[in-house]
Every structure is written in structure tokens, then in C-alpha cells.
Amino acid sequence: LTKNQIKYCCINADKVAFGLGNPLSLNLIMLGFSIASNNLPFSCSDIENTIKDITSNKFLEMNLKAFRAGYNETITD
């Protein structure tokens, strides 16, 4: 990876998801982490607004919490 100048980051998304009490939130945790590590061309607010637009009220708070948890995870190489 280093030879080809490929940047990689690691996160224990399972641990974060289980810590939130929602193991099904892995995708949003990984999305938040990817946004924070500047691997995608979207801002945090872009994604939060999209989550608000497409998520039912029943799951909105948990989905935002999962996204933000991933976004706030420490990046390790």
C-alpha cells in the first residue's frame, strides 16, 4: 500500500456499533468515518442533511448518532 501511495485507515466499527447498542448501524458508522478521513467528496453536513431527508422519524436519532460516532472516531493508520 505504501509503495503505491494508497492511504488506509482503520476503525473498529463493530465495537462502536455495539457501544451504541445498535449493531445494525455499521454502515452509517463507516460512512461517518470515511467523511472524517476525507476519503469522500461530501461534507459532514451534506450527509447529515441526507440522513434527515431519507430517514423516518423512528430511526432518525439513532442514525444521526451512529453517523456522528463514526465521524468522531480517531483515525489510526
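Student: Among contacts in the protein between residues at least 6 apart in sequence, what percentage join residues at least 24 apart?

Tutor: This is a predicted model, and in it 53% of those contacts join residues at least 24 apart. A pair counts as a contact when heavy atoms lie within 4.5 Å.

Student: What is the secondary structure of the protein?

Tutor: There are four helices and zero strands, so that a reading along the sequence gives the pattern α-α-α-α. The C-alpha trace spans about 45 × 25 × 15 Å along its principal axes. Of the 77 residues, 32% count as buried.

Student: Why is asparagine 4 called exposed?

Tutor: The cut-off for exposed is over 50% relative accessible area. Asparagine 4 has 56%, and therefore counts as exposed. This residue is found in the segment before helix H1 (13-20). Its C-alpha atom is separated by 44 Å from that of asparagine 57, 53 residues apart along the chain.

Student: What makes serine 25 buried?

Tutor: Buried means under 20% relative accessible area. Serine 25 has 3%, and is therefore buried, although it lies in the loop between H1 and H2. Leaving out residues up to four places away in sequence, serine 25 touches Ala17, Leu20 and Ala66.

Student: How do you know that the side chain of serine 25 makes a polar contact with the backbone oxygen of asparagine 22?

Tutor: A polar atom of the serine 25 side chain lies 2.6 Å from that backbone oxygen. The cut-off is 3.5 Å, so the pair at 2.6 Å counts as a polar contact.

Student: Is threonine 55 buried or exposed, and how do you know?

Tutor: Its relative accessibility is 15%, and the cut-off for buried is under 20%, so threonine 55 counts as buried. It lies in the loop between H3 and H4. A polar atom of its side chain is 2.7 Å from the backbone oxygen of isoleucine 51. Apart from neighbours within four places in sequence, threonine 55 is in contact with Leu60 and Asn63.

Student: What places the buried residues of H1 on the same side of that helix?

Tutor: The buried residues of H1 are Ala13, Val16, Ala17 and Leu20. They cover an arc of only 95 degrees around the axis, which means that they are on the same side of H1. An α-helix has 3.6 residues a turn, so residues three or four places apart point the same way. The face turned away from the buried side carries the exposed residues Lys15, Phe18 and Gly19. H2 and H4 are included in what covers the buried residues of H1. Glycine 21 follows H1 and has a positive phi, near 80 degrees.

Student: Which residues of H2 are buried, and what do they pack against?

Tutor: In helix H2 (residues 26-36) the buried residues are Leu28, Ile29, Gly32, Phe33 and Ile35. Their arc around the axis is only 160 degrees, which puts them on the same side of H2. They pack against H1, helix H3 (44-54) and helix H4 (57-71). Just after H2, asparagine 38 takes a positive phi of about 60 degrees.

Student: What makes H3 roughly antiparallel to H4?

Tutor: Their axes come within 10 Å and cross at roughly 160 degrees. Angles over 145 degrees count as roughly antiparallel, and H3 is therefore roughly antiparallel to H4. The crossing of H3 and H4 is right-handed. Cys44, Ile47, Glu48, Ile51 and Lys52 in H3 meet Leu60, Asn63, Leu64, Phe67, Arg68 and Tyr71 in H4.

How values were computed:
Residues numbered from 1 in each chain as written. Predicted model: local features only at pLDDT ≥ 70, side-chain atom pairs only at ≥ 80, totals over all residues. Heavy atoms only, no water. Helix = DSSP H or I, 4+ residues; strand = E, 2+ residues; numbered from the N terminus. Buried < 20%, exposed > 50% of the residue type's maximum accessible area, 1.4 Å probe, protein only. Arc of directions from axis to C-beta. Polar contact = N/O pair within 3.5 Å; in protein donor to acceptor, adjacent residues only side chain to side chain. Axes fitted to C-alpha atoms, helices over the stretch in contact; angles between N-to-C directions. Parallel < 35°, antiparallel > 145°, perpendicular 65-115°, else oblique. Left-handed = near helix turned anticlockwise from the far one by under 90°.
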